[in-house]
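Student: I would like to learn how to read a structure feature by feature, with the general idea given before the particular case. Could we work through it together?

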Amino acid sequence: MISFLIALVALVGGYFLYGGLVERVFKTDSSRPTPATTMADGIDYVAMPTWKVYLIQFLNIAGVGPIFGAIMGVMYGPAAFLWIVLGTIFAGAVHDFMSGMISLRLGGKSLPEIVGSELGKKIKVVMSVFTCILLVMVIAVFVRTPANLLGSLTPEHLDGTFWAICIFLYYILATLLPVDKLIGNLYPLFGFALLFMAVGIMGYMIFNGVAIPDGFSEGLFNRHPGGEAAPIFPMMCISIACGAISGFHATQSPMMARCLKNEKHGRMVFYGAMVSEGIVALIWAAAAIAFTGGYGKLADYMASHGQDAGILVHEVCVKWLGTFGGILAILGVIAAPITTGDTAMRSLRLIIADALGIGQKKFLKRLLVTLPIVVLSYLLLKVNFDILWRYFAWCNQTLSIFTLWACSVYLARSKKAYLITMIPAMFMTALCVTFICYAPLGSYVEGFGLPLGYSEAVGLIAMSVCTFLFIRWRRSVEITSPLAA
C-alpha cells in the first residue's frame, strides 16, 4: 500500500511541479484571445466551461484504455507502476499539453496541420494518411467491442449487428451536431462516472486495508508469464499506452483547444486530464494484483478468462462496490469505448476538413466529409478483429513520435526549452522501432521477429538518426518564429 500511495502522490505532485514547469516553458498568456472566441462558429469552435472541457478531454483520451492497458501491463511486474508514473508526468502529459496548446496558438488546427507546420509538407502528407488510418481503426474497434457486448446482454434478435448499426448512427449524430449539444452535455457525466469508479476502487483498497502485493522489495525483474519472450522493454511500454503516453490523445486535444476560453486553463485540461488518466491506470494496476493475489495469480486469472480484462473489471466492481459498482463497470466497458469512437470520428472529420479546406459551419458540408468516414469504417468491420487490434497499439504509440518531434521543433523555433519534448521523443522513437522489429511472428502484433538485441540496436540507431537530424537543423537555421509571439 505504501508504494501505491507514493506513486499516487508523485502523480499529483507531478501535475503541480512539472506541469507548472511545462506551462512556464510554453508561456501561456491569459490575456491572449482563444479560437473559441475569435473563431466562434457555434459548431466546433464553442466556448464551454473549463470543468466541462476537462471532463470531455479526460473521457476522450481515456475510454477503457487506462483500465484494460494497466491490467494487461501490470503482469510485467512493479516496473509497470514506474512506467505509469514517469511516463505520465514526463511524456504523456507533456505530449498532450503541447499538442493542445500549439493547436490553440494555431487557431485550433488538427494534428497533421501542426506536424506539417513544423516538420514540412512531405511529413504532413505522411502524418495525414497515418492519422486517418489510425482513427478509422479506432472507430471500427470501438464499434465492434461494445456492440458485441451489448449483443450478449440483450435478447437474441438484438444481436451485435443491430447494436453496431445503432452505434454508427449515434457516431454520426455526435459528429454532426454542435460540440456543446450532445458531447458537451453527455460526456461530462460519463467522464465523472469513470473517475468515480476509479476513486471508489481506490477508497475500498485504502479503507479496507487491502494488501497490494506490488513486489518492489523483490526487485523490478519481469513477472510476465511469457518470460524472456515478453521483455519489459519494449512490450510492457506498448501494453500500457493510455496510462502513460498515447499518440491518439494528440488527435483529440485540438478538438478541445477550440473550446477553451482562456490559455491559462490549458494545464488543467490537457496536462491534468492525462495525469487523471495516469491515476486511473495506477488504481486499476494495483486493484488487479490486489484482487487476484499477485502477478502470477493475475496471469493465471487472465489466461483462464481468455485474456478478457472486462471480466476482471466487472468482478472487481461487483465484489468491492456491490450492485452500484456492477452498473459502473457495465457503463465503463460499454459507454467508454463508444465515447472514444465517436470523438475519433469527429476529430477525423475535422482533420479531413482542415486538409481539404472545407468549411464546417454548414450541415451539408459536415455530412459530405462524414459519410465517406462511415463507409470506410463499416468496411473495416469486415476485417478480422484480431488483425485490427494487433496494429492499433503500435500505430497509436508511433503517432506520438511525430507529435513529440513536431513539438520539439516548435519549441526550438520559439527559443524555448525543447528538451522537455525532445527527450520523450527520443525514448518513444527507440521504443516503437524496437517493438516492431522485435514483435515475434504470429504474436498479437506481427513484427519482423528479430532477436531482442538486434531490435534494440535498430531502435537506438533510429533514435540517433532522428536526434542527429534535429540537432543539425537546430544549428543550421536562424531560430525565429512568428508563433513565439
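Student: Which residue just after α14 takes a positive phi?

Tutor: The model is a predicted one, in which local features need pLDDT of at least 70 and side-chain atom pairs count only at pLDDT 80 or more, while totals for chains, interfaces and linings use all residues. Residues are numbered from 1 along each chain as its sequence is written, and side-chain values use heavy atoms, with hydrogens and water left out. The helices are DSSP runs of H or I with at least four residues, strands are E runs of at least two, and both are numbered from the N terminus. Here G306 is the residue in question, with a positive phi of about 65° just after α14.

Student: Which residues of α14 are buried, and which are exposed on the other side?

Tutor: In α14, the buried residues are Y295, L298, A299, Y301 and M302. Seen down the helix axis, these fall within an arc of 160°, so they line one face of α14; the arc is that of the directions from the axis to the C-beta atoms. K297, D300, A303 and S304, on the other side of α14, are exposed.

Student: What do the buried residues of α14 pack against?

Tutor: Contact is taken as heavy atoms within 4.5 Å, and the buried residues of α14 pack against α5 (65-73), α6 (79-105), α13 and α15. Once its neighbours within four places in sequence are set aside, Y301 is in contact with T292, I311, L312 and E315. Of these, L312 is 11 residues from Y301 in sequence, and their C-alpha atoms are 8.4 Å apart in space.

Student: How many residues does the largest nonpolar core have?

Tutor: A nonpolar core is a set of buried Ala, Val, Leu, Ile, Met, Phe, Trp, Tyr and Cys residues joined through side-chain atoms within 4.5 Å. The largest one has 168 residues, and I71, M205, Y271 and W284 are those with the most contacts inside it. Helix α13 (residues 266-292) gives the largest share of this core, 18 residues. For I71, again leaving aside neighbours within four places in sequence, the contacts are W284, A288, L298, M302, A309, L312 and V313.

Student: How many salt bridges does the structure hold?

Tutor: A salt bridge is a side-chain nitrogen of Lys or Arg within 4 Å of a carboxyl oxygen of Asp or Glu, and the structure holds 10 of them. In one, the side chains of R346 and D44 meet at 2.8 Å, N to O. That pair links distant parts of the chain, with R346 in helix α15 (residues 309-356) and D44 in the loop between α3 (35-38) and α4 (50-62), 302 residues apart. R346 is buried at a relative accessible area of 0%, and D44 is buried at 3%. D44 also meets R349 in a salt bridge, at 2.8 Å from N to O, and this pair, with R349 in helix α15, is 305 residues apart.

Student: Which residue forms a salt bridge with E118?

Tutor: The partner is R413, with the closest N and O atoms 3.2 Å apart. R413 lies in helix α17 (residues 385-413) and E118 in helix α7 (residues 111-119), so the pair ties together parts 295 residues apart in sequence. R413 is partly exposed at 26%, whereas E118 is buried at 5%.

Student: How many cavities of 30 Å³ or more does a search of the whole structure find?

Tutor: Rolling a probe the size of a water molecule over the atoms shows where empty space is left. On a 1 Å grid over the protein atoms alone, a cavity is a set of points where a 1.4 Å probe fits but cannot get out, and lining residues have an atom within 4 Å of a point. Grid points are joined across faces, edges and corners, and a volume is the space filled by probe spheres set on the points. The search finds two cavities of 30 Å³ or more, and the largest cavity has about 70 Å³ of space. Its lining includes L59, F190 and L328, and α10 (182-207) and α15 are the elements that give two or more residues to it. The most comes from α15, with five residues.

Note on methods
Buried < 20%, exposed > 50% of the residue type's maximum accessible area, 1.4 Å probe, protein only. 1 Å grid on protein atoms, 1.4 Å probe; cavity = no way out; pocket = protein on both sides within 12 Å on 5 of 7 lines; lining within 4 Å.
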